[in-house]
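Subject: The structure you asked about

Hi,

Here is the structure I promised to pass on. Have a look at it first, then read my notes below.

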Amino acid sequence: MSMMWAGRFSKEVDSKVNAFNSSIAFDARMYRQDIEGSIAHATMLGEQGIISMSDSLELIGGLKEILDDIESGKLEFDSNAEDIHMFIEAELTKRLGDVGKRLHTSRSRNDQVALDIRLYLRDEIKEIRLLIKQLIETLCKIAEQHADTIMPGYTHLQRAQPITFGHHMMAYAQMLLRDIDRLNDTERRMNVNPLGSCALAGTTYNIDRFRTSSLLGMTEPMSNSLDGVSDRDFCIELASALSVCMMHLSRFSEEIILWSSWEFKFIELDDAFSTGSSIMPQKKNPDVTELIRGKTARVIGDNMTLLTMMKGLPLAYNKDMQEDKEAIFDAVDNIKLCLVTFIPMLDTMTVLKDNMRNSAAKGFINATDCADYLVKKGMPFRTAYKITGGLVAMCISKNTTLEELPIEDYKQQSELFDNDVYTAISLDTCVKERKSYGGPAPEKVTEQIELTRKKLEELYNG
């Protein structure tokens, strides 16, 4: 296959170099965006009189036919093509002759690929944002069902204070709201138009970059042509946002792995989202969540690949930048794969409420409430803290709990204790009285759900 840039060269490029240089194996997925950008460019060329209007219309028609043929399967990608841009231009020229050769007027592959990847990632952000929205909606539904399901809250993976399962679910909903917000910011900065930057120095033709920006739904043209072709901040920013979101999914996955173990047994995953062992018939493994933990490392690695690739590049375009697509495409593909699997897995899991409550009854997670009981009767907190610590030590030595400890033992530590202490330290009271904003009281969990749904609507549709 003759290269369109071959005029300068006296011999064919070595076949191994062609294979090494080619990117169509991974950039072919941008065919729709490449054609979309070319249609906008051809429209502008005709409107500006740079090419005739008849040639402009013929180019647009030819590009639309190529798009239809690719999507119908009639036209297959040529693996020998250097990239998706050259493949489409070569096919257009084959169909339209000299008219097809006019398309590349006042354009370079440098600004063409910079545009294509922005358009492609803009579309992918919309899909990822929708999946995160669906996950948040699933969390809100689960939180509504379990606004009063008591479980132990943990610090250092040690039982700490009583909360509710609904409260725990809403913590992840907040993380995911921030993920959508980051994607929105990334899309806003991404949605500017590099087309017209050409190779690096713009063009002598009277092009209208604002017109192509409008046709492509982009806010404005990039204001510096060097930056237009050399910028990949948007890839790095998206990979960073996806890494943070994957980190959230990984933390959630870690808890699901713990909760589904016999040591916790807080939840049970549906059989459709579990696997077994080839040798141990009793096993039910949470492989989905384990894979998400593993894929998180991969997406973070993609982010590091992009940062490392760009860190030493002089302006403007360098061939190193061809490596941007495999890394960012991998990050995009993997987070989508994780989300589409995670959402139904979460939606179908069984919450074992009794096990959660039984676990919350152990570990003295109401000790803070016991200290607060004394504080509310006038004792300084540090004194109350020390007395309660002594009561916990007494319970451990007697193999009992604060709820079962006789009132006489309480009164030995302080005369402020009375029989109402048992109400104050009951799990139901401990949870229901935590009514501070953002707390685990059922009414506050309901409030969080309402606020989350409102915020989600603003972020998703705003």
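This is a predicted model: local features need pLDDT of at least 70, side-chain atom pairs count only at pLDDT 80 or more; totals for chains, interfaces and linings use all residues.

**The overall picture**

The protein has 20 helices and four strands. Its radius of gyration is 30 Å, while the globule rule gives 23 Å for 462 residues, so the protein is more spread out than a compact globule. If you put a box around the C-alpha atoms along the principal axes, that box comes to roughly 100 × 55 × 40 Å. Even so, buried residues account for 51% of the 462 residues. Contacts across the chain are worth a look too: take those between residues at least 6 apart in sequence, and 75% of them join residues at least 24 apart.

**The cavities**

Rolling a probe the size of a water molecule over the atoms shows where empty space is left. Searching the whole structure this way turns up two cavities of 30 Å³ or more.

Which residues line the second largest cavity? You'll find His-41, Met-44, Ser-106, Leu-195, Gly-196, Ile-207, Asp-208, Arg-209 and Thr-212 there. By type, that lining divides into three nonpolar, four polar and two charged residues. Helix H3 (31-47) and helix H9 (209-215) each supply at least two residues of this lining.

**The salt bridges**

Side chains of opposite charge can pair when their charged atoms come close. The whole structure contains 33 salt bridges, and I picked out a few for you to find on screen.

- Arg-122 and Glu-36: the closest N and O atoms are 4.0 Å apart. This pair links distant parts of the chain, with Arg-122 in helix H7 (residues 109-145) and Glu-36 in helix H3, 86 residues apart. Are the two partners buried or exposed? Arg-122 has 10% relative accessibility, and the cut-off for buried is under 20%, so Arg-122 counts as buried. Glu-36 is partly exposed, because its relative accessible area is 29%.

- Arg-189 and Glu-237: here the side chains meet at 2.4 Å, N to O. Distant parts of the chain are linked again, from Arg-189 in helix H8 (residues 165-190) to Glu-237 in helix H11 (residues 233-259), 48 residues apart. Arg-189, at 41% relative accessibility, counts as partly exposed, and Glu-237 is partly exposed as well, with a relative accessible area of 23%.

- Asp-330 and Arg-298: the closest N and O atoms are 2.6 Å apart. Asp-330 sits in helix H13 (residues 323-348) and Arg-298 in helix H12 (residues 287-310), so to follow this link between distant parts of the chain you go 32 residues along. Asp-330 is at 15% relative accessibility and counts as buried, whereas Arg-298, at 42%, counts as partly exposed.

Salt bridges can also share partners: Asp-69, Glu-91, Lys-94 and Arg-95 are joined into one network that way.

Cheers

Methods
Residues are numbered from 1 along each chain as its sequence is written. Side-chain values use heavy atoms; hydrogens and water are left out. On a 1 Å grid over the protein atoms alone, a cavity is a set of points where a 1.4 Å probe fits but cannot get out, and a pocket is an open set with protein on both sides within 12 Å along at least five of seven lines; lining residues have an atom within 4 Å of a point. Grid points are joined across faces, edges and corners, and a volume is the space filled by probe spheres set on the points. Ala, Val, Leu, Ile, Met, Phe, Trp, Tyr, Cys and Pro count as nonpolar, Asp, Glu, Lys and Arg as charged, and the others, Gly among them, as polar. Buried means under 20% relative accessible area, exposed over 50%, partly exposed in between (1.4 Å probe, protein chains only). The radius of gyration is taken over C-alpha atoms; the globule rule is 2.2 Å times the number of residues to the power 0.38. Contact means heavy atoms within 4.5 Å.
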